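Here's a quick walk through the fold of this model.

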Amino acid sequence: MLFRSGPYTTDAMAEDVVGLMAFLGIDRASLLGVSMGGLIVQKVAILFPERVDKLVLASTAPGGDLSVKPPEEAIGAFNSFDGDDPLGSLKKMLPYLYSESFIESGDPEIDRFLKFSMEKKQNPEGYMAQLAAISNHSSCDRLGVIDGPVLVITGDADRLIPPENSEIL
């Protein structure tokens with residue numbers, strides 16, 4: 001498996017998206033970005049506007065000074081991943097990935113998520129580099145150059161990416 005060496009940026013990730021599009025022979029596309037993916041497709045639309053037809057930004061933020069930041073306990077749950085107790089670390093993240101009512105419902109999706117995450121372990125250096133890219137992302141000063149239809153959606157119970165960010169976008 002090929003890994004880009006850090007540090008990561010959402011600009012570089014946008015370049016990766018466009019590189020994949022070129023490899024696949026896709027000149028233009030409608031792009032959907034959820035969470036970090038929303039940060040990345042913002043950058044695709046800003047840096048490579050000729051490659052984007054439409055955007056869907058879901059549960060994401062503009063970054064920088066305009067963003068409403070997640071609560072400190074959410075940031076802590078993601079920044080303190082313990083490689084010696086990955087399941088415990090993942091369980092600490094659950095309240096920020098799923099609503100309280102969804103967790104309490106006992107939906108099998110939660111067990112599927114935990115099982116998948118345990119089986120498909122992420123490279124720790126890559127994980128930390130992704131968190132740094134998220135922390136350093138900012139499209140605030142360039143959002144106005146995005147030309148074309150953009151649909152912004154969010155959940156009103158999102159504890160990781162405050163819904164107010166959708167209003168900002």
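The protein chain has eight helices and three strands, where helices (H or I, at least four residues) and strands (E, at least two) are DSSP runs numbered from the N terminus. Along the sequence they line up as α-β-α-β-α-α-α-α-α-β-α. Keep in mind that this is a predicted model, with pLDDT of at least 70 needed for local features and 80 or more for side-chain atom pairs, while totals for chains, interfaces and linings use all residues. Residues are numbered from 1 along each chain as its sequence is written, and side-chain values use heavy atoms, leaving out hydrogens and water.

Here are some whole-chain numbers.

| Property of the protein chain | Value |
|---|---|
| Span of the C-alpha trace along its principal axes | about 45 × 35 × 30 Å |
| Residues that count as buried | 35% of 169 residues |

Buried means under 20% relative accessible area (1.4 Å probe, protein chains only), and the areas come from the Shrake-Rupley method with a 1.4 Å probe.

Now zoom in on helix 4, residues 86–97. Its twelve residues reach 16 Å from first C-alpha to last, close to the 16 Å expected at 1.5 Å a residue; that expected span is 1.5 Å times one less than the number of residues. Which residues of helix 4 are buried? They are P86, G88, S89, L90, M93, L94 and Y96. Their cover includes helix 3 (72–79), helix 5 (100–105), helix 6 (108–119) and helix 7 (124–136), with contact meaning heavy atoms within 4.5 Å.

Terms used
Buried < 20%, exposed > 50% of the residue type's maximum accessible area, 1.4 Å probe, protein only.
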